[in-house]
Amino acid sequence: MPSNKLSRLQQWAWLYVSYIVIGGLTVVYWRGTWVLMDEYLYPDDTRKSGFASLFISLVGFLLASFPCFDLFCSQKSSDTIATSPTSSAEQSPAVTIILKYIYTFVLGFIAVNSWRGVWLLQDEYIIPDRRELSAWISLIVGTTMLIFVGHLQCILAPPAVVLPDSGDSSLAPFRILQPLNVWGRTIGTQSEYPQATAHGKEEFRGHEIKSNAGDTNIVTSVI
């Protein structure tokens with residue numbers, strides 16, 4: 001019994017440390033990208049810099065979503081989608097890894113600019129001379145609207161949410177972006193991925209969505 005408790009304690013300690021380290025390294029990446037944008041993207045004009053980052057994020061996500069278009073909007077069955085040209089099943093492991101790292105890095109760069117653009121423009125235009133009131137407005141409006149559209153969990157980021165590069169919880173290239181679901185309805189797709197499919201009713205178990213046919217669609221790893 002003591003050995004079992006110790007083993008569980010060791011597992012918990014390793015998990016805790018891993019999440020903290022991953023979260024910290026994610027912040028290190030975000031800070032590096034953010035500060036470099038401060039240095040090179042209109043460093044003497046905060047408003048222009050904010051609008052430039054916002055432009056990068058808007059155009060970037062528009063372009064980055066093109067590889068996902070077939071997955072989001074296809075009327076095919078989940079079997080056909082799984083073997084579509086964007087599926088890693090038809091790619092060599094090396095190509096899959098390279099594509100995934102490139103696509104992940106591009107999305108990460110776009111995401112940082114999205115945060116940075118909105119953040120800087122709020123600092124400039126939302127009651128800039130009253131920082132505390134501006135912060136309260138931002139917090140209340142952001143929280144309320146996310147609850148209203150049913151996406152409050154989007155406030156989570158590492159270390160609260162961790163998405164590995166490989167293993168059962170990994171996502172294939174071009175499937176990192178997921179269809180948007182508002183009030184239980186998937187936007188932009190008629191296949192209702194990753195909800196119920198032709199395989200049968202799916203059940204949510206921990207960080208997985210499993211169908212009763214044994215197929216698994218991994219969405220993310222969450223503490």
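Mentor: We take the surface patch, then the backbone.
This is a predicted model: local features need pLDDT of at least 70, side-chain atom pairs count only at pLDDT 80 or more, and totals for chains, interfaces and linings use all residues. Residues are numbered from 1 along each chain as its sequence is written, and side-chain values use heavy atoms, without hydrogens and water.

Trainee: Which residues form the nonpolar patch on the surface?

Mentor: Among them are F51, Y125, W136, M145, F148 and W183. Together the patch members have about 1,200 Å² of accessible area (Shrake-Rupley, 1.4 Å probe, only the protein chains shown count as cover). Members need over 30% relative accessible area and no salt bridge, with nonpolar side chains (Val, Leu, Ile, Met, Phe, Trp, Tyr) joined within 5 Å. A salt bridge is a side-chain nitrogen of Lys or Arg within 4 Å of a carboxyl oxygen of Asp or Glu.

Trainee: Which helix gives the most?

Mentor: Helix α6, residues 131-148, with eight residues. Helices are DSSP runs of H or I, at least four residues; strands are E, at least two; numbering starts at the N terminus.

Trainee: And where is Y125?

Mentor: In helix α5, residues 93-125. Y125 is partly exposed because its relative accessibility is 43%, between buried (under 20%) and exposed (over 50%).

Trainee: Backbone now. Which peptide bond is cis?

Mentor: P158 to P159, omega near 10°. P159 is in the loop between α6 and β1 (161-162).

Trainee: What about the phi of Y42?

Mentor: Positive, about 45°, although Y42 is not a glycine. Y42 sits in the loop between α1 (2-40) and α2 (46-64).

Technical notes. Patches are made of residues with over 30% relative accessible area and no salt bridge: like charges are joined within 9 Å, nonpolar side chains (Val, Leu, Ile, Met, Phe, Trp, Tyr) within 5 Å. Buried means under 20% relative accessible area, exposed over 50%, partly exposed in between (1.4 Å probe, protein chains only).
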